[in-house]
Amino acid sequence: MTTPVTHDPLEAARVLAAGGVVAFPTETVYGLGASLEHPTAVRRVFAIKGRPSGHPLIVHGADDAILDRYATSLPPEARALAIAFWPGPLTLVVPRATRVPDTVTGGRNTVGLRVPDQPLARAMLRALGSGVAAPSANLFGRTSPTTARHVMADLGEHVDLILDGGPCAVGLESTILDLSEAPATILRSGGISAEAIERVLGRPVIRTASGPARAPGMLAAHYAPRAPVIVTTRSELVNALAGMRASGQPTALIAASDVAPGDPSVTVLHPSGDRPEDFAHDLYRLLREADAGGATAILVVPPEGEGIAVAVRDRLARAASAARPDDR
Ligand code: TXA
Ligand code: MG
């Protein structure tokens, strides 16, 4: 049995309206979606991913109207941020309206809301007319999918339909900003930088609260390929490579095109360009390629600086701290 794949957002909306589970593209990563009107489908999403039921899902909508529909006692900053960044890779955690089912929020009194910037996703959401609860469409603890083929490889026949929108433009998950308590706090870095948020709010946000307490699901051992990830720098690369050679492990290196290991035993994987945005766009694909190529260790030289580079380093740090890679 093969999973149906479509390019038609209206077909995806019909399957969701009938209580099905649909993998769909966003500008960040592919999501595994269920309509909020079908709590049984939402429960299936948890089961398919192997995700603990206490980890809340983000609710996706076609436009800012989701703030009125799914939130209550809206913090005043929410509307300004939605105007500035939606559609786009920013998830706002706000007090939830009662119509958001407990299955979605893991029983919390807040909900994460987001309007994705992907034309097929928005057409699907517009046609459906209700919110779609969706985590990233990967198995629990693994790297998120950035193509329909990744979804197929991870979740295959367990989903009812895959909406194929091509590769995701950003390639890393959304920035999550918690507005439910002051001061506003970034729970996960992503495509919208802390500086950009601060410019809209006119005051600082807290950047360090990621962790199970505030965002369940933000475990250290997330976002990891099968092979262990070792994060290094340009200046330490020579030593890191010497260490790998001594261990005799098949090693892959992910780094910008001007980083050359000069070591034929290392499989070198370059992002398609040298901007941090290119690194973000290609990172998950390259981690999967390193795995598929049989590497048992993956060295990575991440980009430096602010903006999306912060999110790249965050995901790599999580992948690198995965203790038992085959047992998540
Ligand atoms: O870019 C994205 O955000 C992608 C696409 C599909 O939209 N989605 C995504 O979902 O990455 P997921 O479930 O893999 O990660 C969402 C994170 C989880 O760590 C979850 O704990 C946190 O968001 N989260 C969701 N609702 C929350 C809430 N009410 N309070 C705190 N954290 C929340
Ligand atoms: Mg995820």
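**Figure 1. Helix H6 and the elements that cover its buried residues.** In this predicted model, the buried residues of helix H6 are covered by elements that include helix H1 (9-17), strand E2 (22-24), strand E3 (31-35), strand E4 (58-60), strand E7 (132-134) and strand E8 (161-163). The buried residues themselves are Ala121, Met124, Leu125 and Leu128, in a helix that spans residues 119-128. They line one face of H6, because their directions, seen down the helix axis, fall within an arc of 95 degrees. In general, an α-helix has 3.6 residues a turn, so residues three or four places apart point the same way. The face of H6 that is turned away from this buried side carries the exposed residues Pro119 and Arg126.

**Figure 2. The two ends of helix H6.** At the start of H6, a side-chain oxygen of Gln118 comes to within 2.7 Å of the backbone nitrogen of Leu120. After the helix comes Gly129, which has a positive phi, near 80 degrees.

Figure 3. Helix H8 covers residues 194-201, and its buried residues are Ala194, Ala196, Ile197, Glu198 and Leu201. Among the elements that cover these buried residues are helix H4 (76-85), strand E5 (90-95), strand E9 (175-178) and strand E10 (185-188). Just after H8, Gly202 adopts a positive phi of about 75 degrees.

**Figure 4. Ala84 and Val200.** Ala84, which lies in helix H4, is partly exposed, with a relative accessible area of 41%. Although Ala84 and Val200 are 116 residues apart in sequence, their C-alpha atoms are 7.4 Å apart in space.

**Figure 5. The interface of domain 1 and domain 2.** The domain assignment divides the protein chain into domain 1 (5-201) and domain 2 (229-327), and the C-alpha centres of these domains lie 28 Å apart. Domain 1 contributes 22 residues to the contact, and domain 2 contributes 16 residues. Between them the two domains bury about 1400 Å², of which 54% is on carbon and sulfur atoms. Of the area that domain 1 buries against domain 2, 37% is supplied by Thr143, Leu172 and Ser189, more than by any other three residues.

**Figure 6. Polar contacts and salt bridges between the domains.** Across the interface of domain 1 and domain 2, seven residue pairs are found in polar contact, both residues of each pair being at pLDDT 80 or more. Three salt bridges are also found across this interface. In a salt bridge between the side chains of Asp291 and Arg142, the N to O distance is 3.7 Å.

How values were computed. Residues numbered from 1 in each chain as written. Chains lettered and ligands numbered in written order. Predicted model: local features only at pLDDT ≥ 70, side-chain atom pairs only at ≥ 80, totals over all residues. Heavy atoms only, no water. Buried < 20%, exposed > 50% of the residue type's maximum accessible area, 1.4 Å probe, protein only. Helix = DSSP H or I, 4+ residues; strand = E, 2+ residues; numbered from the N terminus. Contact = heavy atoms within 4.5 Å. Arc of directions from axis to C-beta. Polar contact = N/O pair within 3.5 Å; in protein donor to acceptor, adjacent residues only side chain to side chain. Domains from an automatic or database assignment. Buried area = accessible area lost by both parts, 1.4 Å probe. Salt bridge = Lys/Arg side-chain N within 4 Å of Asp/Glu carboxyl O.
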